[in-house]
Amino acid sequence: MKRDAKSRRLTRFPMASGGLVRLACVFAVKENLEVGPLLKKAGLTPQHVDNPTFPLNVKSQIMFLNLLAESAGDELLGFHLAQTFDLREIGMLYYVMASSDTLGDALQRATRYSRIVNEGMQLKYLENDRLTIRFEYIDVARYQDRHQIEFFMVSLARLVRQLSGSNLLPERVNIAHHRDRFHSPFKKFFGCEVAFGSNMDEIAFPSTIQLMPLASADSFLHALLIAQCEQTHAHRLRSAALRVSVENEIVPLLPHGKAQAPEIARKLGMSQRTLARRLASEGLSFTAVLEGLRCDLAKHYLREADLPITTIAWLLGYQEVSAFTHAFKRWTGATPKQARSKEFSGF
């Protein structure tokens, strides 16, 4: 019985508080969009929207945002949703940040307790010549997401500005997914160039901001909130499925031809033999994961009208478009051009 309970705990999907889905539904209602069918397709129910204490699957949240963005014709849905919502809606995480003594303390609290809000997202606090906040996915495929990550990064920038009481601007913003358009609104909001197609998702600020005192600091409230956060945080820690960890390491290496088993094993802190053995325990092989991921990525990229097929071939690690075309036809029975045409509905 104990073994079964542990197995369920380790294999359950990462959950989110659902605040982002509720914000998106409010937007949909204002735009007179039918939400019900989109929720159902994403594996969600009205209870997820109506009950703020009812958690939902992070993967379903990502899928719902993708579906809603397509239905609304808004390719920057997450970016737009993050612009104006009341930051206090983030909940306990907001208040533990706001009650911190300094901005650096607040950001460290955010990185420690980020999984209270979303188990599929882990923030990292890095200090060198800059103060960098890095966003890392846990047991969730990064390539499927655009809107959730853009929402989180814009929200973090807004938090920094609101808590500091000044228009603090990052020095660098890196985003892992590709966009050939829409650079202008991102640059206008962040106040710096945004590098899409990067190896990681991160926002870097001047290191001096960590010492900035917060006017909202409250040591007594902070101590109470930390105790609650620590208790909740302990229940969020769990092991991630290896396949998704492997996929998330493969994606940024594909264009550079470095997505090989030895390199992925090194990045995951294990030997190639251990990687093969652990994948085999999940009924997988590295080659199967790589091929399956390439197929899913190809379908995902082909839905992005601003990505040329030549670019997609490069992103998948093919030196020639013909090699990509041959592989895609083997996977789906159609060429990439056919897949983009309205006549083809194979995926």
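This is a predicted model: local features need pLDDT of at least 70, side-chain atom pairs count only at pLDDT 80 or more; totals for chains, interfaces and linings use all residues.
Residues are numbered from 1 along each chain as its sequence is written, and side-chain values use heavy atoms, with hydrogens and water left out.

Helices (H or I, at least four residues) and strands (E, at least two) are taken as DSSP runs and numbered from the N terminus. Two strands are said to pair if DSSP finds at least two bridges between them. Axes here are lines fitted to C-alpha atoms, for helices over the stretch in contact, and angles run from 0 to 180 degrees between N-to-C directions.

The pairings can be followed across the sheet. Strand β3 (residues 121–127) is joined to strand β4 (residues 130–137) by a hairpin of two residues. These two strands pair in the antiparallel sense over seven bridges, and Leu123 has Phe135 in β4 as its bridge partner. Strand β4 also runs antiparallel to strand β7 (residues 201–206), to which six bridges join it. Within that pairing, Thr132 stands opposite Ala204 in β7. Strand β7 is in turn joined to β5 by three bridges, again in the antiparallel sense. Between β5 and β6 there are also three bridges, but these strands run parallel. Val173 has Val194 in β6 as its bridge partner. In a regular strand the side chains alternate between the two faces of the sheet.

Asn174 belongs to strand β5 (residues 172–175). Asn174 stands opposite Ala195 in β6 and opposite Glu202 in β7. Relative accessible area (1.4 Å probe, protein chains only) is used to class a residue as buried at under 20%, exposed at over 50% and partly exposed in between. With 11% relative accessibility, Asn174 counts as buried. Contact means heavy atoms within 4.5 Å. Apart from neighbours within four places in sequence, Asn174 is in contact with Met153, Ala195, Ser198, Met200, Asp201 and Glu202.

Helix α8 (residues 103–117) has 15 residues, which at 1.5 Å a residue should span 21 Å; the end C-alpha atoms are 20 Å apart, in agreement with that value. The expected span is 1.5 Å times one less than the number of residues. A kink of about 45° is centred on Thr111 in α8, where the bend at a residue is the angle between axes fitted to the seven residues ending there and the seven starting there. Eleven of the 15 residues of α8 are buried, so the helix is largely enclosed by the rest of the structure. The buried residues include Leu103, Ala106, Leu107, Thr111 and Tyr113.

Helix α8 packs against helix α9 (residues 147–164) at an angle of about 145°, and the two axes are 11 Å apart. At this packing, Leu103, Ala106 and Leu107 in α8 meet Leu156, Val160, Leu163 and Ser164 in α9. The crossing of α8 and α9 is right-handed. A crossing is called left-handed if the near helix is turned anticlockwise from the far one by less than a right angle, and right-handed if clockwise.

Asp139 has 8% relative accessibility and counts as buried. For Phe182, phi is about 70°, and Phe182 is placed in the loop between β5 and α10. Phe182 is partly exposed, with a relative accessible area of 25%.

Leu221 is part of helix α11 (residues 219–236) and, at 35% relative accessibility, counts as partly exposed. From C-alpha to C-alpha, Leu221 and Ala28 are 36 Å apart in space, and they are 193 residues apart in sequence.
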